[in-house]
Amino acid sequence: MSVAALCCDTSRYERLEVVNVDPNSGQHHAADHAEDEVSSPRDIENVPSVIQFSAPLYLCAEADGKLVAHVLRIGDATQKASVRFTTVDASAKAGHKYEHKSGTLIFEPGDIVKDICVQLYQDERWDATLEFQLLLDNAKGAQLGLYLHTCRAKILDDDYYPTNKYIPGAPLTSFKLMKEYIRMNVDDPVIWSSTLKYVALDLYKGLYFFLTLYLQIYLIDVVLAPSEERETSHHHGGEEEGEEKPTERRLLLGGIHAAARVLGRMLSEEAEGEEEESTFAMPHELIVPHHRRMTAVVIAALYIVPFALVHICDVMRTQLKIPYEARKTTQASLLAKFLNYKDSARVTINVGEITMTMMRDAVEVCDFGYMKMLSVIGIWIKLVFALVFILSENRLAVIPLIAYPLVLGAFLVCRERMTIRVFEHKAKQQNHMVQVVNDAVSNYRLIADFFLRPNIVDNYGRAIDDYHKHEKECARVITNSMYMAPWLTTLLVGAWMVYGSFKVTTVGGTITLGAFLATINVFKEVGMEMQEIYSECMEIQRSFGPLETICYYMNLDTDLQDRLRISKDKHVQGHRETVMARQKVIDTATAGGQGLKMPKGDVDFCAGHPAFVVDTIPIQIKNLTYHYEKHLVCSNLSAEFHQGGLYAFVGPAHQGKGTLLKLLGQVLLPSEGSGEVFIPPHLRILHLSQCECLLNDNLLQNILLYTPERKVLGGKERVRKICRYLGFQENVLKFLDLPDSLMKEWAPMLTHSDHSRLQLARAFVMNPECLVMHKPDMVFGPDEVGPIMKLIRQHVNERGIELPPEGRQFRRPRTVFYTCTTSAGLNAADLVFEVKQDGSAQVRHPLKFKIVSAMGLPSFDIGGSSDPYCICELAGKPRTRVRTPTIVKNLSPVWNFDVEFEHFTEDDAIKFCIYDADDLKADDFMANHSIHIKDLLHGGRSQELLLTSAKVGTKATLKIEIVSDLSNTTRVVPVSTFHAVQPEQARLAGLI
């Protein structure tokens, strides 16, 4: 039997072959049983076989290069069968993340499994965890599984956000981080396409700006000029043909004049028949000869009509997919990351911080980062057109063109850290305000019961005052920064007034008065344009802090890699256990003299009723060692539980019962090499927590949890019966028939115990094969807890509540683990286990040492110095990474930095890496060293490590001091164990 066969979701759509043995004749009669859990069971003679996927979800890493999905034929495998398959895009797109694949699978007689291999594309581009679907259809010689004719494939991305140049512990500068964020967006085909359209629309606006400049010149120099000046200018141009005319140096004049002549001919009959003038020179005659007013009308039309296109361009820009697609990518990915964080990381996250990161920071990074970059490009396009005109009129304009970018750019760099710091302080205080409001809303009952309203209001008032203090600081910094461009303009104008006033012809100079005044205007105009660019660059700079925050949350550790590892191990272990169970069935039958051959289905017999072999595979805890935070909970713990049992755990508080249940429910995951919790892979597991969780929707969706009603076993009527069994009142149940009802209409009717009933209703409707619950009997009164526990027992005995009894023997056994606090909970259990910390284990003391100093480091900065800091971590364990402070301008820094590692082995190695901190570029690598802990512990209390320097010929050393007691490196700690006890024994011992 293949590993894939173990993943079959037979609990949802069980069509497995049953072999009935006639003990008298020794004959084997094969019958195919099909259970459709949506409708009533069909006749077992009518369903020959079923083809479906082995699991509803496949996990794979991008680095695996391929995904293998197993397609199973369950039931009669004696006939030939075929099925078509195809991949379907979801968040992952074919041709980008995976290779589209379709075809037909042929099952020859005897074949029970076929593989679909989908090629994955590995790239360096960051993506959220993406999914695509696999579909089966057009089955011949078999039926498709009702649910598992489709499955999801999830690709785990192994790249950093925004690109792989970002590495936690060795961060990029803010400018380079923004560059990588822009690069990430440009690599997105949808965003890049919209970006090109955005820039093209900006280009048209620049052309319109250029057009208006020359229309104004033509209006003043030609249309409004006296006739004598136009004639003189015309004759002068004819006599001195070799002299370059100022207007001939202007761009696009031919196109402007051509359009003007077309309108002129439309408005004047006198213009007909005239020879076309050169399209490369500015006309000195009226467009409509002898008609100044009609010529002015033409100019006005050329001014107005293109402006309508500018309006249309701006409207079109609002319909582009940026910034909306860029925001959505960041916000949705942040939420997906949060939902997949490791439990230890999630509990440390402040609700206000993660909320504002999604709602404020993601928007600011897009709008103030990427979109402002496009705005700067648009301003530069406009400025380039303006400068073509300005430079053609006044060569002195080159002075501000050089001065402004240099001075303002240097000023922005100098103020960068200050700007980021003040805005980050303001953002953190805003996060605190949101958290205070969230706490007040979530804990209203506590606030009201303990008369804390004045305290909460005062606390919020202080938070507002602190926010305003930081807001004032931001306003001061921004105001001072914004005055830099006007100050530069004022200084340039003042300097020109001092220098140029003595060059004017009226005082014996060579510059005309008009040129002198025009130059002042040039400085002002260029200054205004540069100030606009400067303002946009300041907005971009404001997004640096939010981008660093987003990168931090995007690159926090998730549990997906652990779940992928456990899933693979579980499939291998499940295959091994199934082979052993089948062999046991064969050996038992052979020993009985029946001569049993290998059955075509995985079956066994128990008390005359058929039971599938996979139902006999036990749930196991194997050599489990688990640390919760810094505390060792259990060490080398092993246990075994048969499927189909009701198991209760009792014991004093703080002994590890809740942790044990979370491990069984796969809420907590054992680390690699620390044992395993094995639950057969075909079983669905549900961990039911004690919490008041409501969705902002109607009551039915709060029970179905958005599962389509047509896919729910028994439909709405089964849901209603389960709710009645649990004891819901009729005034609550009536909302099951009101799909448009809001949560605020029915939620106030729920009592405290009703919230626990709602959790149990969700579990019974989902009908998992393995149910894990913490104190399900705690909130119910003496007259209610008995029926509740009987309902849990019914779930186990009948393999699901309110399901057809005809197919009960073919459904998977239901197993329940729970902790209990009442006698009814004890009496309902098949086995009771006492959990207590009566065991002990030797664990190592934390390894404590001090990074004292370094000597002889190489120089990387101008002036022969460096700004060193040291990063220390356990090799292969990036979460242990710590960093010393940066010592400025020092090649022999003294840190005296304390380091502590909690969980380690003597075979672990400690890595030391020293970097030179830089503001304008990535930090420079200076030197490193790696040493095994066993060598460190035997090297004495004070040690000097020879560093491998980045520069050849430099001898650098790192001094460390061991703080831990080298004579006593281990300690004995209590650990949790459990053993079976009788319910009466547990009751007498006061364990409940």
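A residue counts as buried when its relative accessible area is under 20%, as exposed when it is over 50%, and as partly exposed in between. The model described here is predicted.

**A buried proline**

P546 has a relative accessible area of 4%, so P546 is buried. This residue sits in helix α14. Beyond its neighbours within four places in sequence, P546 is in contact with D361, E364, V365 and E424. A362 is 184 residues from P546 in sequence, yet their C-alpha atoms are 7.4 Å apart in space. One of the contacts of P546, D361, forms a salt bridge with R360, where the closest N and O atoms are 2.8 Å apart. Both D361 and R360 are buried.

In soluble globular proteins, nonpolar side chains tend to be buried together. Here the largest nonpolar core has 62 residues, and those with the most contacts inside it are Y161, Y181, I322, Y370, L408, M530 and Y534. At least two residues of this core come from each of α1 (174–186), α2 (189–223), α6 (324–339), α8 (351–393), α9 (398–442), α12 (484–500), α13 (513–542) and α14 (544–554). Helix α8 gives the largest share, 13 residues.

M530 is in contact with W380, L383, L401, Y404, P405 and L408, leaving aside its neighbours within four places in sequence. Apart from this core lies another, of 46 residues, which includes V719, L733, A829 and V832.

**R720 in helix α18**

Helix α18 covers residues 715–726 and contains R720. With a relative accessible area of 10%, R720 is buried. Not counting residues up to four places away in sequence, R720 touches L733, L736 and D737. L736 is 16 residues from R720 along the chain, and the two C-alpha atoms are separated by 7.7 Å.

**Packing of α11 and α12**

Two packed helices are described by the angle between their axes and the distance between the axes. For α11 (residues 453–482) and α12, the angle is about 25 degrees and the axes are 4 Å apart. Because of this angle, α11 is roughly parallel to α12. From α11, the residues N480, S481 and M482 make the contact, and from α12, M484, A485 and P486. By type, the contact residues of the two helices divide into four nonpolar, two polar and no charged.

**Salt bridges**

The structure holds 39 salt bridges.

| Salt bridge | Closest N and O atoms |
|---|---|
| D361 and R360 | 2.8 Å |
| K622 and E577 | 3.8 Å |
| D830 and R793 | 2.6 Å |

D830 is partly exposed, with a relative accessible area of 40%, while R793 counts as buried at 18% relative accessibility.

A network of salt bridges links E62, K97, R125, D127, D157 and D188.

Technical notes. Residues numbered from 1 in each chain as written. Predicted model: local features only at pLDDT ≥ 70, side-chain atom pairs only at ≥ 80, totals over all residues. Heavy atoms only, no water. Core = buried A, V, L, I, M, F, W, Y, C linked by side-chain atoms within 4.5 Å. Buried < 20%, exposed > 50% of the residue type's maximum accessible area, 1.4 Å probe, protein only. Contact = heavy atoms within 4.5 Å. Axes fitted to C-alpha atoms, helices over the stretch in contact; angles between N-to-C directions. Parallel < 35°, antiparallel > 145°, perpendicular 65-115°, else oblique. Nonpolar A, V, L, I, M, F, W, Y, C, P; charged D, E, K, R; others polar. Salt bridge = Lys/Arg side-chain N within 4 Å of Asp/Glu carboxyl O.
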